[in-house]
Amino acid sequence: MTDTVKEHKRSFYRTEMLPPKPPPPASTGVLGWMRENLFSSWWHTILTFVGLYIIWLIVSFLVQFAIIDAVWSGQDRTACLADGGREIGACWAFIRVWHNKYMFGFYPEDQQWRVLVVYAIGAVLLAFLLIPRAPGKRLVMLLLFVIYPVLAYILLYGMSSLGLPVIETTRWGGLMLTLVIAAVGIVISLPLGILFALGRRSQMPVIRFISIIFIEFWRGVPLITVLFMSSVMLPLFLPEGVTLDKVIRPLVGVALFASAYMAEVVRGGLQAIPKGQYEGAQALGLTYWQMMLLIILPQALKMVIPGIVNTFIGLFKDTSLVSIIGLFDLLGIAQASLADAKWATPVTAPTVYLYLALVYWVFCFGMSRYSIFMENYLHTGHKR
Amino acid sequence: MSIEAQEKKGMSVSDEVVVEMIDVNKWYGDFHVLRDINLTVYRGERIVICGPSGSGKSTLIRCINRLEEHQAGKIIVLGTELTEDIKKIEEIRREVGMVFQHFNLFPHLTVLENCTLAPIWVKRMPKKEAEEIAMHFLEKVRIPDQAHKYPGQLSGGQQQRVAIARSLCMNPQVMLFDEPTSALDPEMIKEVLDVMVDLAESGMTMLVVTHEMGFARQVANRVIFMDQGQIVEQNEPEEFFTNPKSDRTKLFLSQILH
Ligand SMILES: Nc1ncnc2c1ncn2[C@@H]1O[C@H](COP(=O)(O)OP(=O)(O)OP(=O)(O)O)[C@@H](O)[C@H]1O
Ligand SMILES: [Mg+2]
């Protein structure tokens, strides 16, 4: 008897086990992929061509405007005015003139190296923290979250005794201010959000109640309102003689606002952890904080990385609202620059907004890609 | 009620009380889950608890390490009464190991890390020592070669043996098992039961909720039958299986022993 099943045979037994075979080839080349995904029916073929046409419209317009018709250099508006019948696209010359202000606001040019030093140290520390395989995570965390903020503050604000002239926060601006607000918001909102998420699920009624009130208050108020309140109302409540820095006020507002959202994201993760994980940890005699820090949070946070990064991205973009209360963050200073009469042309504003969109997009897209990378990295090997 | 300490393969019972439950009652809302439970466990005892689904077996043993709270009566574990005091509860949990039906391993940690976590953080043991102890127990449960895998990469039987090793690493004085084999495929049940038999032979005090009657006959010195939140009958295994007194027990046994 052979070991193939003959259809007419009712009974059968195997004398030899089959050896494993390699799987069939996964794809059949580019053409095969296209036939399968783009042209599988006449309806899909039409959709494919309509899609391609729309993409073509957008891309060709952008290339025409931003590259082919663009003006790259010049001293004033005449460079970007349509004379002699030539179509004028983006006025990059304007951006170049204002670029330093866009980056640093009114931070004195001879002191801007301080900002660059802060960026450089931050970038190195962040790289060590964010690259999973890099060594010394604990030391990096200590440096990044304890030493770095102090160092950054001293460098940015200044300290006369160290020979660093003080630069008032009113002179901070541009991308630098945007990054400061976003970074502080991120660094505060994650731990605070975790605390309030734990608080909301606490067994202790007082703590639960406080957490719910905090979260629901900040979630229920638009950020604009928060910013106006912090800049207009807060000073009225402070005791006489106490003034709070003009930048710190909205900073606190943004951070607390993001914390509330973060708390809800983290709570979602906590709720997804099976009860057995809590019981397993408790049965071993772990304390509440040991259980949370070692068992529950690592799993819960990993699960909600997309939500956390989403909140970060939202926060980053929301920083642009501080321009409404008179701070010159990237958006604020860019809008101020539009009032520059020397450069008043029809293409100035479109150019500036295109530029702004590009800068914000680069940062947000970077965060988004990192989150995807992290999810994949953390999911290898031990996914259940 | 007298308990004949039955000597099996050198497993001996001392007269030191390890767990004492006195008139314990518990409710879930209006539902009376545990009714006047009285139970004394001596050091070295291997007690098997059986009974129909919903009879309160899990609730009973989960009260012993306070995963569930009782509302009336007293539970004294290793000389300490279980009260609200969380410090005392944590102390007791260090001495009482528990193995769950669904293993409850920590999926984000390797097998070795699962085993060393509590010794390092709860007992403040140096990492190296904790790892040595963990490897010792992983050998005892016959899976030292899986130490660096994640729980998700192991079979159910292997996971349950890791869970047993994880508990043993805390050097507990009592081990609680809540249906440790009922989530396993038949071929894996034996490998877990074998480990539990070894453990019993080493003199561990064990309370085991299980329907594995072969295991009960082989290692238990006492079998407890529960129904409707009450202890209906308890006896040494021979008597319990061959000569049950209560009608409920007879009915239950006839259903599970075929
Ligand atoms: N958290 C809870 N809230 C309300 N009722 C519960 C809860 N946990 C268990 N019960 C009920 O208490 C009763 C006893 O539950 P328990 O888990 O102790 O039974 P068991 O004997 O272990 O049953 P099984 O063999 O199915 O595991 C069951 O009727 C169950 O529905
Ligand atoms: Mg049960």
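## The contact between chain A and chain B

Which residue forms a salt bridge with A:E279? In this predicted model, the partner is B:R62, and the closest N and O atoms of the pair are 2.6 Å apart. Across the interface of chain A and chain B, one salt bridge is found. Side chains of opposite charge can pair when their charged atoms come close. The interface also has six residue pairs in polar contact. On the side of chain A that touches chain B, α10 (275–283) and α11 (288–303) each supply at least two residues. With eight residues, α10(A) gives the most to that side.

The size of an interface is often given as the accessible area lost when the parts come together. For chain A and chain B this area is about 2,100 Å², and carbon and sulfur atoms give 60% of it. Chain A brings 21 residues to the contact, and chain B brings 25 residues.

## Two domains in chain A

Chain A is divided into two parts: domain 1 covers 92–107 + 167–378, and domain 2 covers 108–166. Their C-alpha centres lie 19 Å apart. In the contact between them, 19 residues of domain 1 meet 17 residues of domain 2. The two domains of chain A bury about 1,600 Å² between them, with 66% of that area on carbon and sulfur atoms. Three residues, A:F104, A:Y107 and A:I167, supply 41% of the area that domain 1 buries against domain 2, more than any other three residues.

Between domain 1 and domain 2 of chain A there are zero salt bridges, but seven residue pairs are in polar contact.

## The nonpolar cores

The largest nonpolar core has 101 residues, and the members that touch the most others are A:Y102, A:W172, A:L270, A:L286 and A:I295. Helix α6 (residues 174–200) of chain A gives the most to this core, with 10 residues. Both domain 1 and domain 2 of chain A give residues to this core, so it lies between them. Apart from it lies another core of 48 residues, which includes B:M11, B:V99, B:M196 and B:F252.

What does A:I295 touch, leaving out residues up to four places away in sequence? Its contacts in chain A are A:Q277, A:A281, A:L286 and A:Q290, and its contacts in chain B are B:F106, B:H108, B:L109 and B:L117.

## Salt bridges within the chains

Over all chains, a search of the whole structure finds 20 salt bridges. One of them joins A:E216 and A:R200, with the closest N and O atoms 3.1 Å apart. A:E216 lies in helix α7 and A:R200 in helix α6 of chain A, so the pair ties together parts that are 16 residues apart in sequence. A:E216 is partly exposed, at 32% relative accessible area, whereas A:R200 counts as buried because its value is 17%, under the 20% cut-off.

In chain B, B:E191 forms a salt bridge with B:R161, the closest N and O atoms being 3.0 Å apart. B:E191 is in helix α6 (residues 186–201) and B:R161 in helix α5 (residues 156–168) of chain B, 30 residues apart. B:E191 is partly exposed, with a relative accessible area of 23%, while B:R161 is buried, at 7%. A further salt bridge joins B:E239 and B:K245, whose closest N and O atoms are 3.6 Å apart. Here B:E239 is partly exposed, at 30%, and B:K245 is exposed, at 52%. Salt bridges that share partners also join A:R200, A:E216, A:R219, A:E264 and A:R267 into one network.

## Some single residues

Is A:V221 buried or exposed? A:V221 is buried, with a relative accessible area of 15%. This residue lies in the loop between α7 (205–220) and α8 (223–237) of chain A. A:V221 touches A:V226 and A:F257, not counting residues up to four places away in sequence.

For B:D36, in strand β2 (residues 31–42), phi is near 45°. For B:F103, phi is about 65°. B:F103 lies in the loop between β6 (96–99) and α3 (111–121) of chain B and is buried, with a relative accessible area of 11%.

Definitions and conventions:
Residues numbered from 1 in each chain as written. Chains lettered and ligands numbered in written order. Predicted model: local features only at pLDDT ≥ 70, side-chain atom pairs only at ≥ 80, totals over all residues. Heavy atoms only, no water. Helix = DSSP H or I, 4+ residues; strand = E, 2+ residues; numbered from the N terminus. Buried < 20%, exposed > 50% of the residue type's maximum accessible area, 1.4 Å probe, protein only. Core = buried A, V, L, I, M, F, W, Y, C linked by side-chain atoms within 4.5 Å. Domains from an automatic or database assignment. Contact = heavy atoms within 4.5 Å. Buried area = accessible area lost by both parts, 1.4 Å probe. Salt bridge = Lys/Arg side-chain N within 4 Å of Asp/Glu carboxyl O. Polar contact = N/O pair within 3.5 Å; in protein donor to acceptor, adjacent residues only side chain to side chain.
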